[in-house]
Amino acid sequence: MLDIDRHREMLRQCSIAAALDTVGERWSFLILRGAFNGLKHFEEFQSTLGIARNILSNRLARLVEHGILEREPDPADRRRISYRLTEKGRDLLPVLLSLRQWGEKWINCRPSNPVLVDRVTRQPIAEMAPRSADGRILKLGDMEWIDRSELDGLANQAA
């Protein structure tokens with residue numbers, strides 16, 4: 001039987017809330033989508049997304065503050081600023097792809113355009129899914145939340 005108090009305490013330590021506080025807003029995700037697609041300058045983001053300048057300025061500053069984008073002078077024109085994804089920002093790619101695939105399945109009910117493909121095979125990327133350490137795709141019933149101390153204990157027993 002589920003120990004609600006213990007479960008509640010474990011979930012308080014979960015990073016989802018902190019991640020959402022950092023990037024969980026519509027414009028932030030659309031800016032990230034633009035950055036993943038090669039947008040680098042304020043004007044490119046603004047004209048492509050149709051976002052108000054003050055909102056774009058605020059969201060870019062927040063993404064820079066959180067280390068998701070970095071701001072640097074454009075090498076071609078030192079008067080212009082370029083925004084580039086950091087490693088932390090690039091690690092958000094699976095999140096954006098999962099969200100897109102979910103939207104295609106449950107909101108638009110059809111594949112959207114453009115199609116993201118593997119450059120080698122020219123085939124669409126596979127559906128994003130949680131995987132076990134050995135690579136098996138896991139469904140919700142295959143997983144459970146446990147306290148990290150239990151995981152550490154299991155690792156010590158195996159060693």
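**Exercise 1. In which loop does Pro-114 lie, and which residues of that loop have a positive phi?**

Before the solution, two remarks on the model are needed. This is a predicted model, in which local features need pLDDT of at least 70 and side-chain atom pairs count only at pLDDT 80 or more, while totals for chains, interfaces and linings use all residues. Residues are numbered from 1 along each chain as its sequence is written, and side-chain values use heavy atoms, with hydrogens and water left out.

Step 1: Pro-114 is placed in the loop between helix H7 (93–106) and helix H8 (148–158), where helices (H or I, at least four residues) and strands (E, at least two) are DSSP runs, numbered from the N terminus. The peptide bond that leads from Asn-113 to Pro-114 is cis, with omega near 0°.

Step 2: Cys-109, in the loop between H7 and H8, has a phi near 60°, a positive value in a residue other than glycine. Arg-122 also belongs to the loop between H7 and H8, and its phi is near 65°, again positive in a residue other than glycine. As background, most residues other than glycine have a negative phi, and most peptide bonds are trans.

Step 3: Cys-109 counts as exposed because its relative accessibility is 60%, the classes being buried under 20% relative accessible area, exposed over 50% and partly exposed in between (1.4 Å probe, protein chains only). Arg-122, with a relative accessible area of 58%, is exposed.

**Exercise 2. Where in the chain is confidence lowest, and where is it highest?**

Step 1: Begin with the chain as a whole, whose mean pLDDT (the predictor's confidence in each residue, from 0 to 100) is 93, with 99% of its residues at 70 or more.

Step 2: Confidence is lowest in H8, at a mean of 78, and highest in helix H6 (residues 87–90), at 98. Where pLDDT is low, the predicted coordinates should not be read in detail.

**Exercise 3. How many disulfides does the structure hold, and is Cys-14 buried or partly exposed?**

Step 1: A disulfide is taken as a pair of cysteine sulfur atoms within 2.5 Å, and the structure holds zero of them.

Step 2: Cys-14 has a relative accessibility of 26%, so this cysteine is classed as partly exposed.

**Exercise 4. At what angle do the axes of helices H3 and H5 cross, and which residues make the contact?**

Step 1: The axes of helix H3 (residues 26–36) and helix H5 (residues 53–65) come within 10 Å and cross at roughly 75°; axes are lines fitted to C-alpha atoms, for helices over the stretch in contact, and angles run from 0 to 180 degrees between N-to-C directions.

Step 2: H3 is therefore roughly perpendicular to H5, since angles under 35 degrees count as roughly parallel, over 145 as roughly antiparallel, 65 to 115 as roughly perpendicular and the rest as oblique.

Step 3: On the H3 side, the contact (heavy atoms within 4.5 Å) is made by Trp-27, Ser-28 and Ile-31, and on the H5 side by Ile-55, Leu-56, Arg-59, Leu-60 and Leu-63.

Step 4: Sorted by type, the residues of this contact are six nonpolar, one polar and one charged, where Ala, Val, Leu, Ile, Met, Phe, Trp, Tyr, Cys and Pro count as nonpolar, Asp, Glu, Lys and Arg as charged, and the others, Gly among them, as polar.

**Exercise 5. How many of the residues of H3 are buried, and against which elements do they pack?**

Step 1: Because eight of its eleven residues are buried, H3 is largely enclosed by the rest of the structure. The buried residues are Trp-27, Ser-28, Phe-29, Leu-30, Ile-31, Leu-32, Gly-34 and Ala-35.

Step 2: These buried residues of H3 pack against helix H2 (16–23), helix H4 (42–49), H5, S1, strand S2 (77–85) and H7.
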